[in-house]
Amino acid sequence: MSGDLLFEGKDWSFDTLQNIHDAVDVVARQELGLDTFPNQIEVITAEQMLDAYASTGMPLLYRHWSFGKRFAQYEGVYRAGLQGLAYEIVINANPCIAYVMEENSATMQALVIAHAAFGHNHFFKNNYQFRQWTDAAGILDYLSYAKNYIAACEERHGEAEVERLLDAAHALSAQGVDRYPRKRPISLLEEERRDRERRAENERLYNDLWRTVPRGGDAPRRVIDHQRALLQLPQENILYFLEKAAPKLQPWQREVLRIVRLVAQYFYPQQQTKVMNEGCATYCHYRIMTRLHETGRISDGSFLEFLQSHTNAIRQPTAHDPSYSGVNPYALGFDMMCDIARIVRDPTEEDRQWFPEIAGTGDEMATLREVWANYRDDSFIAQFLSPHLMRKWRLFHIVDEEGAPKLKVESIHNERGYSDLRRSLASDYEVGRNTPDIQVADVDLAGSRRLVLHHRVFAGKLLEIVDAALVLRHLTTLWGYDVVLEEIDATTNEVLKAHMASPEP
């Protein structure tokens, strides 16, 4: 492929964007074999980009005070020049929506289109986590429904009442997702239709649940066992449990909880694939922009501008650098993609020992597409972080034991440390380790209706007292009765601590 320059200088027009998109499309499909949703590219201003940031990056979302607060924070640091804006936002939808800022230069528009409209787009469409948990075809219609439904609730019940409910639901949104695979969920629109049909039946079931009061003899045990079965205890999805079983919630309040829960579930795969998703998009944009330069479609000056932005994105400060804030997912993801391509094309003897299934197979894009489709961050790192990359990154593993006077270097990047380094870094990306494992354990069905939750404690990590108190307060708002949260050692089942809260009068 070769031809005239797609653009000269920094200026661009809508025709330029179309030409860039078409040229990128050729490289993406014919040379990289990417499989994407159709693209919808929208040009927005910096203020609109700030607005999109504030509302979790979605083009449509219901109103909530926290979005406005976030907008003010972002705008303040942006106007003060303390932080720049990302050049793009991309929505996992069909068609895939990619926002580009009108302030971008022509080179940056090409970079964004290659990165978001093709790299992220391919990942959204093909990774099993997104295929399992998200509905790309229905998300925009569902967000439109959610926005209109909550606006109608505000008119009918008052903004303060709706905000109070949303505050409580948002506080529990991390505990409002299903974490384990099950059969493919139905589309959001179909789920909405079915929910309307089920609502009358659910209300009947709910009334049976709380109307039945044990009287004596053998009947009480059977009734309570039946009620527990209806409640599906224990239940890991707390928002789902409250939506179905909270005694005092009105139907419109249950529907609001359902909206918050489904939106939280939509974002769940992104939490598990940050390194892979950014690594895929960054590797794709690098290959595409390089190919456009090699074939004369962008100039030397544009390519240097691209390289500057690309290098900034994959910069990994050292642990001693004041700007260090952990592992940069762009850097780790891009380096791992390049490393896999190297192993496939030109492996060393060490690579052949560690990666016998892919070393020297010769088709790096086929291997990468397979990896992008079938892994999430923790399993990806556990499977593909190579000794070569561990040496390049100079990785080491530090253990901070409670009560120990000093930190301990458990392993370094040598023969004895490779397996431990890979295992320990992979564990940092397990979502379950970073989100407290809290489940609804029981309900006092025969008397006080007190709700009992269990927090499974690993490695002695108890909840922060202040955070636990705030979340319990929101929980009592939704449940309507006393709530007790017991922290239980995951290995001994010993109750280490208990938190209790009662609803405000």
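Analyst: A residue is called buried under 20% relative accessible area, exposed over 50%, and partly exposed in between, using a 1.4 Å probe and protein chains only. R449 is partly exposed on this scale because its relative accessible area is 22%. The model is predicted, so local features need pLDDT of at least 70 and side-chain atom pairs count only at pLDDT 80 or more, while totals for chains, interfaces and linings use all residues. Residues are numbered from 1 along each chain as its sequence is written, and side-chain values use heavy atoms, with hydrogens and water left out.

R449 has a positive phi, near 65 degrees, although it is not a glycine. It is found in the loop between β6 (437-443) and β7 (451-457); helices (H or I, at least four residues) and strands (E, at least two) are DSSP runs numbered from the N terminus. R394 is another non-glycine residue with a positive phi, in this case near 55 degrees. The loop that holds R394 runs between α18 (387-393) and β4 (396-399). R394 counts as exposed because its relative accessibility is 63%. Most residues other than glycine have a negative phi, and most peptide bonds are trans. The bond joining N94 and P95 is cis, with omega at about 5 degrees. P95 sits in the loop between β2 (88-91) and β3 (96-101).

T435 is also a loop residue, placed between α20 (431-434) and β6, but T435 is buried, at 17% relative accessible area. Its partners beyond four places in sequence are A174, Q175 and R179, contact being heavy atoms within 4.5 Å.

Now the interior. A nonpolar core here is a set of buried Ala, Val, Leu, Ile, Met, Phe, Trp, Tyr and Cys residues joined through side-chain atoms within 4.5 Å. The largest core has 69 residues, and L292, W372, F380 and I381 touch the most other members. Helix α4 (residues 106-126) supplies the largest share of this core, 12 residues. Another core of 60 residues lies apart from it, with M49, I139, Y266 and L475 among its members.

I139 is also one of the buried residues of α6, which include Y142, L143, Y145, A146 and Y149. Just after α6, G158 takes a positive phi of about 95 degrees.

Two helix pairs show how the elements pack. Axes are lines fitted to C-alpha atoms, for helices over the stretch in contact, with angles from 0 to 180 degrees between N-to-C directions. Under 35 degrees is roughly parallel, over 145 roughly antiparallel, 65 to 115 roughly perpendicular, and the rest oblique. Helix α12 (residues 274-294) and helix α16 (residues 364-374) have axes that come within 11 Å and cross at roughly 155 degrees, and the two are therefore roughly antiparallel. M276, C280, Y283, C284 and R287 of α12 make the contact with E364, M365, L368, V371 and W372 of α16. In the other pair, the axes of α14 (residues 329-345) and α17 (residues 377-384) come within 12 Å and cross at roughly 45 degrees, so α14 and α17 are oblique to each other. Here L332, M336, M337 and I340 in α14 meet F380, I381 and F384 in α17.
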